[in-house]
Structures are given as structure tokens and as C-alpha cells.
Amino acid sequence: SAQECKTVLDAVEKIFQYGIPDDVVDNKLQDTVSKAVELLPELWKQDGCHQEAMSAYRRALLSQWNLDNECSARIQKGFALYLLYNGVEAGPPSLSVQVEGSYVPKNNLEEAILLLMILLRKCCLGRINWDPSIMEHFTFALSLCGKTSILARQLEEVLPGIFHRCDRWNALALSYSAAGQNKVALNLLRKSLHKHEKPDDLIALLLSAKICSEDPLLAFEGVGYARRAIANAEGKDGHLKGVGVRLLGLCLGKQAKVASSDLERSYLQSEALKYLNEAMAFEQDNPDVVFELGVQYAAHRNSNAALRCVKQFIDATGGSMLKGWRLLVLVLSAQQRYSEAKVVTDAALDETSKWEQGPLLRLKAKLKISQSLPMDAVETYRFLLALVQAQRKSFGPHRSNILQVEDDKVSEFEVWQGLANLYSSLSYWRDAEICLEKARALKQYSSSALHTEGVTFQERERYREALVAYCESMMMDPNHAPSKVSMGALLWRSGSKALPVARSFLSDALRLEPTSRSAWYYLGMVHRDDGRIVDAADCFQAASMLEESDPVESFSSFL
């Protein structure tokens, strides 16, 4: 059958080299040609001849067959789906049909996206009837390559009346959230969940809670969304109740970071643990719940429970997730088991691809510092710097979302700043200044860089310049806890007149970072010099307990 169709098309193409004129051929011949053009690739597919099918699709779309819009759209859709799902790489079109200067797709996915965009454009212009499956396949294709911002633009171009406005807002919110534009996504979801729209839409509630769980300032709002989602997860949606409970736990944990009192923070943290444990009962096979529970235990300095959870997570994921290895190393370092943490780090580096090794190399450098091996740490930082610079050159300034963005958070700025801190602790002032200059060239306005600069001044007994650097750091970021701790420590050394101000800075730092060992220590020194011996003893005890369970990198990087 395929050969017969091919013979017919060869004959027609030989007779009409420049297409079939409307005034020469009757409708019956045109109908026969259209059916043969549409049927040929389907026949090759049925016969398992994939390359012949792709050639037939391209011939149908590139040659002049005088096809109507609906027939042409059916062929384009069939080719797009074949490229997406058949599993055989088509390769670029032949050079004979490529126009100089035109865009040539590099692979199946790009060619399928291009065809689906053409079909969506035809739908928007009214040339063909709306086909909802086109948008579904287009969504799948763009999700594969992480280009959901393009999907959002296409959704905005769809004519009114095709989607219900709440459905459009929810789809746009999901696209913008995947593209990292959470603020835009949350505003769309707020419109969708308005009392006059669809206030009980379960998926919109869950997505809103998820977005809010990533920002302490939005966590209170997220708690409300999560509770409403749990209340609406009934009947056929009952399987989503565990997701709502998990998000409620995450929002409560995030809300604890901005609690106004120690009592409120303790209550919110215990509630977060309670709901995450409850989520485990709903989603026993979900490794993400196990991981998040382990993070909460680690933040509470319950290292044994955290270790149990992270081991369970690594077993469930087969060691394929970088964040599991990172958390395991931090928990081991919090238990002062540095040699085991080093072994785990080396094993994780062997299991991880080159481009994803940045966070592990940073941990390895900090482990070397904790083991009093500063020159080994310098060498590790140098290797990390070479890796980060190679990544920047390979991927450019905008890296693809296909990589594990949630785990890959090492920037060249962080490496230079880490080196500056290390050289400063070794009293290599010239090297520390060079590293700080490199860091400032990458990020001119940075509170952490200014804090490091203040530390170098303070170590060299240039206290006035250190004070200025700390002030500038806090002006840039009023919630930068390390700057508040350093400022409080510097004011404590200034004499008894500055003790009330020092206590204010240190108390504020502890509000932001309750597990800051140095903040508790210097607050104890302030209380001691102020004659508050009992308060000083409590602070020293807290600092001592935190020192025994202090990881090489803060657990807050996971929160």
C-alpha cells in the first residue's frame, strides 16, 4: 500500500513540479492526492519503516500539494506526535530543503515543538478548529526541556472563551512557578481562589501552599491554603490529603523562622514535625517526605533521627539525588564524625556527574577546614573554582532547568568569598583582599562580602573600618545575622558603655538564627560583663551544646 501511494505521489509530483493549480485539476484528483499524502507516512509507520515515515512526513509538509488547512494540520500533528513518542531520532532535514538563514531543528524535540507552535498559531488565527490535545502535547514537550516560560506565553495568546479563566490562571501559575517566577504564579492563584471564582480548587490550593512554603514571609498564608486543601481532599481526591498535610508541615516550619518569640518558634517547629510525621502515614513510599522530615530533625539538632531519615532517603532513591548525600555529610559532621563524612563525600563525588559536583566539593573544603587542613581546603576550593568557571563557559549565563537547580547552588562568587574567609583565618591578608576583589567584581552589592571584609579588618585590629563594613552590610541586608553577631562582638570589646547596644545586636541575631553558636557565646560574654551571671551561664551552656552538634554548613540551606 505504501509503495502504491508513493507511486501516485511520484507521478503527480513529476507532472506538476510547481504544485497543483486550482484551475487545472478537478476536485476528485485533489482529493486523491490529499488522501495519499496523509496516508503514506501512516502506512510506513504500520510497516515499522521509521525513517521512510519521517521522510514521507517531511515530503508532505515541504512539497506543494495544495492541501487544505485541516489536512495540513492533521499531517503536522501526526508528525509532531511521532517525533515526540516514537523513540527514533529523525535527524535534521536534508540540505536540499534547508533555506539559508532559516532555523533548523537540532533534534526530535525541537522539531516537534516547532510543529506544535505552528498548529497553535493556526488555531489562534482561526484557520483550523481548536484542538485541546495540541496544547497538552505542547505542554509535555516544553516540560521535557524546562522551557515553561514559553508555555506561559502561548497560554496567554490563546483566545478568550477556549479555556475557563480559572483553568487558564492555574495553568499559567504552574508554568510561571516552574520557571521560577513564584510571585507572578501566586498572584494568579490568588485570583483563581477568590471567593467569587473557585475557592475550593484542590490543585490550586496545593500549588499555592507549595509556593508559600518556600518563603518565610508567605508561610502564614501558605498554612491557610494547606488547611483548606486538607479539608477539600475528600472522595476521589482523598489521595491528595497526604500532600496537603506535608505542605502544612513545611509551611509551619518556614513560619517558625520569622516567629516573634521563642515560645511561638518552639510551638511552630513542634507542629511542623507533627504534621510531617503524619504525612509519612499517608505517603509511606514518598522519599521527599522522608527527606523533609530529616531536615527538620537536623534543624532541631536531633542528629540520630535525622541520620535515620537521610539513610532511608538514600536507600529509596538509590543514591541518585545529590541533596541526600549533602544532608548525610552535614549530619555526620554535626556528630563530629569528620572521617566518615569525608568517606561519604568521596563516595558521592564518584556517583555524581562532573557538572553536579559543586556543592559536594564545597562541603569537602569545609570538612578540610574543620579537620585543621587549611592548605588541602585551598586546593579543593581551587578545583571547585575551575569547575564553576568551566560550567559558566559551557552553559552561559542562563543555565538550563534540566540540571538539578535545587541542588546546584554554588556560584563563582561563593567560591571567591569562601577563599577570602579561609585566607583571612590564616592571616594571608593580601590573598584575602584579592579574593574579595574578585567576589565584588561578580556581585557588587553583597552583605556577605562586606561582612567578610569587616572580619579581615577586625583581625588586623582596624576596628573603625570593620565597624563601617558591618554597618554597610546591615544597611544592605537588615536580616544578615553574621553581621549582627560580628557587630555585637566588636561592640562588646569596646567597653561597658556599648554593652546594651551589643546585647541588642546579638539578641536580634539569635532571633534570625537561633542556632548561632557564636551569637550565644558573645551574648554570654556581654551578660557576664554586665553582672548577669545566671544569664551568662545559660548562654555559655547553649553555645557549648551547639558547638557539639555544629555542622560544617548550616542546615538552613535546606530550609
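Predicted model: local features only at pLDDT ≥ 70, side-chain atom pairs only at ≥ 80, totals over all residues.

Reader: Start with H15 and H16. At what angle do their axes cross?

Author: Helix H15 (residues 303-317) and helix H16 (residues 322-334) cross at roughly 155°, and their axes come within 9 Å.

Reader: Parallel or antiparallel, then?

Author: Angles over 145 degrees count as roughly antiparallel, and H15 and H16 are therefore roughly antiparallel to each other. Their crossing is left-handed.

Reader: Which residues make the contact?

Author: On the H15 side they are Ser303, Ala306, Leu307, Val310, Phe313 and Ile314. H16 contributes Lys323, Gly324, Trp325, Leu327, Leu328, Val331 and Leu332. Sorted by class, the contact of H15 with H16 has 10 nonpolar, 2 polar and 1 charged residues.

Reader: What does Ser303 touch?

Author: Not counting residues up to four places away in sequence, Ser303 touches Val331 and Gln335. With Gln335 there is a polar contact between the two side chains, at 3.2 Å.

Reader: And how far is Ser303 from Val290?

Author: Ser303 and Val290 are 13 residues apart in sequence, and 14 Å separate them in space, C-alpha to C-alpha.

Reader: New topic. How do H24 and H26 pack?

Author: Helix H24 (residues 481-494) packs with helix H26 (residues 517-529) at an angle of about 25°, and the axes are 10 Å apart. H24 and H26 are therefore roughly parallel to each other. H24 passes H26 in a left-handed crossing.

Reader: Who meets whom there?

Author: From H24, Val485, Ala489, Trp492 and Arg493 take part. They meet Ser518, Ala519, Tyr522, Met525, Val526, Arg528 and Asp529 in H26. The contact of H24 with H26 has 7 nonpolar, 1 polar and 3 charged residues.

Reader: Pick Val485. Buried or exposed?

Author: Val485, which lies in helix H24, is buried, with a relative accessible area of 6%. Leaving aside neighbours within four places in sequence, Val485 is in contact with Leu506, Ala509, Ser516, Ser518, Ala519 and Tyr522.

Reader: Where is Tyr470 relative to Val485?

Author: Tyr470 and Val485 are 15 residues apart in sequence and 9.7 Å apart in space, C-alpha to C-alpha.

Reader: Back to H26. How does H26 pack with H27?

Author: H26 and H27 pack at an angle of about 160°, with 8 Å between their axes. H26 and H27 are therefore roughly antiparallel to each other. H26 passes H27 in a left-handed crossing.

Reader: Which residues are in that contact?

Author: Among them are Trp520, Tyr521, Leu523 and Met525 of H26, and Ile533, Cys539, Phe540 and Leu546 of H27. By class, the residues of the contact of H26 with H27 divide into 11 nonpolar, 2 polar and 4 charged.

Reader: Last one, Glu553. Where is it?

Author: Glu553 is in the segment after helix H27 (533-548).

Reader: Buried or exposed?

Author: Glu553 is buried, with a relative accessible area of 8%.

Reader: What does Glu553 touch?

Author: Not counting residues up to four places away in sequence, Glu553 touches Arg326, Leu330, Arg362, Leu363 and Lys366. The side chains of Glu553 and Lys366 make a polar contact at 3.1 Å.

Methods:
Residues numbered from 1 in each chain as written. Heavy atoms only, no water. Axes fitted to C-alpha atoms, helices over the stretch in contact; angles between N-to-C directions. Helix = DSSP H or I, 4+ residues; strand = E, 2+ residues; numbered from the N terminus. Parallel < 35°, antiparallel > 145°, perpendicular 65-115°, else oblique. Left-handed = near helix turned anticlockwise from the far one by under 90°. Contact = heavy atoms within 4.5 Å. Nonpolar A, V, L, I, M, F, W, Y, C, P; charged D, E, K, R; others polar. Buried < 20%, exposed > 50% of the residue type's maximum accessible area, 1.4 Å probe, protein only. Polar contact = N/O pair within 3.5 Å; in protein donor to acceptor, adjacent residues only side chain to side chain.
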